[in-house]
Amino acid sequence: MKKRIAFATCVQLGLSCIEEIYRIGGNLDLLITLKDEKAKNKSGRIYLDDIANEHNAPLMKINNINDKEVISALKEYQIDWLFIIGWSQIAKKHVLETPTYGCIGMHPTLLPVGRGRAAIPWAIIKGLEETGVTMFKLDEGVDTGDIIGQGVIKLDQNTTATQLYQKVDDMHITLISKYWEDIVNNNITLTKQSEVDATEWPGRKPEDGEIISGMTMDEADKLVRAVTHPYPGAFYNNGEKKIRIWLAKTNVNDGEIKLNDGFLIPIDYEIEG
């Protein structure tokens, strides 16, 4: 018997997945999103009204994924699996246990590496040659659940956050397409994460994008690429003005911003203050 599936999201990443489910002939029995007035300024914020109308799917607008009304709806619609993708609130135990089989999430690293926050900027700052997206069964930990599947994304020394963000979006779609039939037919294999290999990446704030003269050209270049759009951007403060840098190149001999072993030359930038 086909499983009954619900999907919670409020950002483009999740909407891309929903669109792919319908594109491959799948069905969703309940859509969940935030109330319209909430998280208006969230990066990539979207609304599900149009897609719900188009596919005649029940749409629920909530304040928090852990609200009693969510539990009631999951029971009422007899949901077997709940996808929670692109959602900043952590689902608690009673939500995770209400669907028959549990909840499914995605994380933009190759878990167990890079649990936590700011996965896209960190992959670039750390100079990784590859990262990816992991589809996994949610548990009470942060990004600690059993793995359903993964997709690898290659990086090089020119990859920007803008490009990686798009590749992560594409990989979400790829994984949904690849594992959808297995999920609805209850045919998935769960793989435990190796705690020995697990790493956790901390959250990042806009002020972490500051370029300082003690940095090497390599460090400054990585930082500019890591926090460009859709993130707040790298910046340099010379005492008189702040330069917000979206794209730059490095040079050993001369340039606008003196670094430890050379110079940084802003290409796409704004002057603030």
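Modeller: Begin with pairing: two strands pair if DSSP finds at least two bridges between them. Strands (E, at least two residues) and helices (H or I, at least four) are DSSP runs, numbered from the N terminus. This is a predicted model, in which local features need pLDDT of at least 70, side-chain atom pairs count only at pLDDT 80 or more, and totals for chains, interfaces and linings use all residues. Residues are numbered from 1 along each chain as its sequence is written, and side-chain values use heavy atoms, leaving out hydrogens and water.

Biologist: In what order do the 4 strands of the open sheet stand?

Modeller: The order is β10-β11-β13-β12, with antiparallel pairing. At the edges, β10 (234-237) and β12 (257-258) each pair on one side only. Between β11 (residues 242-251) and β13 (residues 263-272) there are 9 bridges, and alanine 248 faces proline 266 of β13.

Biologist: Which strands does helix α7 lie across?

Modeller: Contact means heavy atoms within 4.5 Å. Axes are lines fitted to C-alpha atoms, for helices over the stretch in contact, and angles between N-to-C directions run from 0 to 180 degrees. Helix α7 (residues 217-226) lies across β10, β11 and β13, at about 130° to β11.

Biologist: What is the strand order in the open sheet of 7 strands?

Modeller: It reads β3-β2-β1-β4-β5-β7-β8, and the pairing is mixed. Each of the edge strands, β3 (59-62) and β8 (147-154), has a single partner, so one side of each lacks a neighbour in the sheet. Strand β7 (residues 130-137) pairs with β8 in the antiparallel sense over 7 bridges; there, valine 133 is bridged to glycine 151 of β8.
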